[in-house]
Amino acid sequence: MKVSYNQLSKLVDLSGISIDDISAKLTASGLEVEGVEAYESVKGGLEGVLIGEVVSCEPHPNADKLKITQVDLGREEHSQIVCGAPNVAVGQKVLVADVGSTLYPQDGEPFKIKKAKIRGEHSLGMICAEDELGLGVSHDGIMVLSTDLPNGTPASQHIAINNDQIIEIGLTPNRIDAASHLGVARELALLFDRKLTLPKPPAIKEGDGDCHIEVHNRAAAPRYAGVLLKNIKIAPSPKWLQDVLLALGQKPVNNAVDITNFVLHELGQPLHAFDWQMVKGEKIVVRTAKEGEKIVTLDEKDRTLRVTDLVICDEDKPLCIAGVLGGINSGVTDLTKTIFLESAYFSPDFVRQTAQHHQIKTDASFRFERGTDPNIPIYALAMAVEMMIDLCGAEVASHVADEYPEPIEDFEVKVRYERINLLCGVDIAKEEVKRILKGLEIEIDAETDVDFIAKVPAYRVDVNREVDIIEEVLRIYGYDQVPLSENLGTSYLANFAKVDKHQLRYALSQQLSAHGFFEITTNSLTKPLLSSAVGNINEGEDVIILNRLSEDLAVMRQSLIGSGLEVVTHNIKRRQENLKLYEFGKTYHHKQGAYEEHEVLALFLTGENRPENWKNKGELSKFHDIYLYVSKILDKFKLSNFDQEIVHDDLWDYGMLLKDQKGRLIAQLGKLNPTLAKKFDCKKEVFASEIYWEVLLDSRSEGFVYEEISKFPEVKRDLSLVLDKGVSYDQIKSLTQEVEKRLIKKINVFDVYEGDNIEEGKKAYALSYILQDRSKTLTDKVIDKTMNQLMKAYEEKLGAYIRK
């Protein structure tokens, strides 16, 4: 959001305060200044451009359309300048760009004036047209001045130039109260202990006519006000008003529209002007739209409305999407003579829902959807009417209509002095607390020695709890005034002894049992055929029993999968089809002449993970169930930093590998290959996992890692992507971390869809993202930029597109 230093200075005395001090104070108080940019209504400030007088004008001997002039610039010698303008003549006062000056033309690149030789004649400067100076678009001839200023006077003394400092604030979503010059000036007045001076427009001298307003949905439009203005003369705005808007990045339209935009930036109250001739039945109706109703908005788009969209209508049709965007057929044009000027307070929920559905972002919707001041519409209306009278020649044609049957009351919050000091970490004097709250326009009522009632103005929608009041006090008092101890101490002492792995195993058994698992114990000896049937077994690593009792017990197992499948089959054949099993066991390997044994934890799921009951149907086990249980085990070991890979071998129908940062395999999991299951006479789907105990113990985090809780909020955003079926979630997650690793704290899939309305070979992923910056509150601008980068990366690298 941009604010003008010049406009702020009209509301609060900033004399003696540097722009750097202003930026620092605002940033420290929570209105982060992202940059300050110098603005000049005429780029370059006409530096090096002088007033001169043409004292002679002769034809160029070598060019029919050029003239050689002598120009008096107040120096001992006249300057010879070759000029091609058809209107140059002796006696004219003109603007001359002196040698060495730089011009910034209206359309084109800047260029520097140098000594030149044109068709054999010297030229020491340039007599300028208005477009060459950036003062307009005309190039019909040079500018001829009417002035008594002496020759050689800088042009800036004749042509008014508006110089300003534009402060760009990264406005956080909760500080909509500061989305105007008034809001920022209120903050500066308190921070620098200066008086806030708000001009009081004269009372509106009402006309005799009636202004008929019907509000059908008061929940969506708690306050709706307006007035009729007649004999409007639509014309370009005066230069000062155009300069203010241009400095704020707003393109001037005409005097009536520019006034509404000026008031919006000045007070934070959006206004809208309707051409009264286009209002059928001469009445305004505020209602929700009929399903399927149409409107063409100012951006020339035909939009279909929903029953939740609030619209401003005449007796027949919608004229405007309330608080979002006007209609093209009711807007102010050069032919407009009478306008209805609207000033309202709309429900943030209604405006936000409509703006997001129609994908419209305007200055008005930005403010309404966050919550404007419900008590400022009449003040804003009076300011706009006064300007309309002065700049448009308007006359008030009706009384001021103000539909506000249930005024929005101030918030009342009980605040304890002791709590202020406790949360702030410093004792703040009661008088200082009261000074700060008074400056924030928060009244103190029912004060005692220990507490008081804070009456918070309705425009501070973000302040409605005791902790919010305390935060307001502290940010104005100054975070930098809270003393920090030279030593960091804690009363919590811990001796992190080395944990016994048997204790960990027991704790993990308790966890799995609590999730409905049954522990099994199987034989380490198995059949060679069953051992080799397990897809990832290397027969060359078999540990063969030399003095075997039978061929059924000829080798030691290399995996717990085979023996676990035997247990699964045994139970299914006995009508125990819903199984959740786990086993702590060992595997045995013969590698390079040496024998190895490893501890493994195996999990097995089959049948219903959630049995049928009177309320819910049974739910079959899925891959996500086995993944969830494995994730809980890793969480218990404080192991969150691991890599995922899609597994490709005969053991799994589909699955994945989990590896630590050293590339060691922590676990493998997935749906067992149906061909493998059949070898063990199992016809059901079985989901399984092997977790490698030694790697898990070695990778676990020792003790606790302390980290300061971020003072800045998380933000959630959702995306729905349509992409090829072959694209995995792991690819999406990896690409997300590649694009933005610092701000995105978590990504989650909350829905996967294939079917109707999705092309063949495609699937839809619904993803949620948690974003957080630990050093500052994220702004909408940063969030939108991050999400746009992600969407662009998904489109370019994964062939995805956003599902509407």
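Predicted model: local features only at pLDDT ≥ 70, side-chain atom pairs only at ≥ 80, totals over all residues.
Residues are numbered from 1 along each chain as its sequence is written, and side-chain values use heavy atoms, with hydrogens and water left out. Helices (H or I, at least four residues) and strands (E, at least two) are DSSP runs, numbered from the N terminus.

Start with the open sheet of seven strands, whose order is 29-33-34-40-39-38-37 and whose pairing is mixed. Two strands pair if DSSP finds at least two bridges between them. Strand 29 and strand 37 are at the edges with a single partner strand each, so one side of each has no neighbour in the sheet. Strand 29 (residues 518-519) runs parallel to strand 33 and is joined to it by two bridges; here Phe-518 stands opposite Leu-581 of strand 33. On to the next pair: strand 33 and strand 34 (residues 594-606) run antiparallel and are joined by 13 bridges, with Phe-584 opposite Leu-601 of strand 34. These two strands form a hairpin with two residues between them, and Gln-592 takes a positive phi near 50° there. Further along the sheet, strand 38 (residues 652-659) pairs with strand 39 (residues 665-672) over seven bridges in the antiparallel sense. Gly-655 has Gly-670 in strand 39 as its bridge partner.

How many residues of strand 33 are buried? Buried means under 20% relative accessible area, exposed means over 50%, and partly exposed lies in between (1.4 Å probe, protein chains only). Strand 33 (residues 579-591) has ten of its 13 residues buried, so the rest of the structure largely encloses it.

In soluble globular proteins, nonpolar side chains tend to be buried together. A nonpolar core is a set of buried Ala, Val, Leu, Ile, Met, Phe, Trp, Tyr and Cys residues joined through side-chain atoms within 4.5 Å. The largest such core in this model has 53 residues, and Leu-601, Leu-603, Ile-633, Leu-672 and Leu-696 have the most contacts inside it. Contact means heavy atoms within 4.5 Å. Leaving out residues up to four places away in sequence, Leu-603 touches residues including Leu-512, Phe-517, Leu-581, Ile-633 and Phe-687. A second, separate core has 46 residues, among them Ile-167, Ile-169, Ile-176 and Ala-454.

Ile-572 belongs to helix 14 (residues 561-572) and is buried, at a relative accessible area of 16%. Beyond its neighbours within four places in sequence, Ile-572 is in contact with Glu-577, Leu-579, Thr-606, Cys-682 and Lys-684. The C-alpha atoms of Ile-572 and Gly-607 are separated by 9.4 Å, although the two residues are 35 apart along the chain. Arg-575 is in the loop between helix 14 and strand 33. Arg-575 is not a glycine, yet has a positive phi of about 65°, and its relative accessibility of 73% counts as exposed. Glu-441, in the loop between helix 10 (430-439) and strand 27 (443-445), also has a positive phi of about 65° without being a glycine. Glu-441 is partly exposed, with a relative accessible area of 35%.

Strand 41 (residues 715-724) and strand 44 pair in the antiparallel sense over two bridges, and Leu-721 has Ile-802 in strand 44 as its bridge partner. Asp-730, Ile-732, Leu-735 and Thr-736 are buried in helix 18, and the buried residues of helix 18 pack against strand 37 (643-646), strand 41, strand 42, strand 43 and helix 19.
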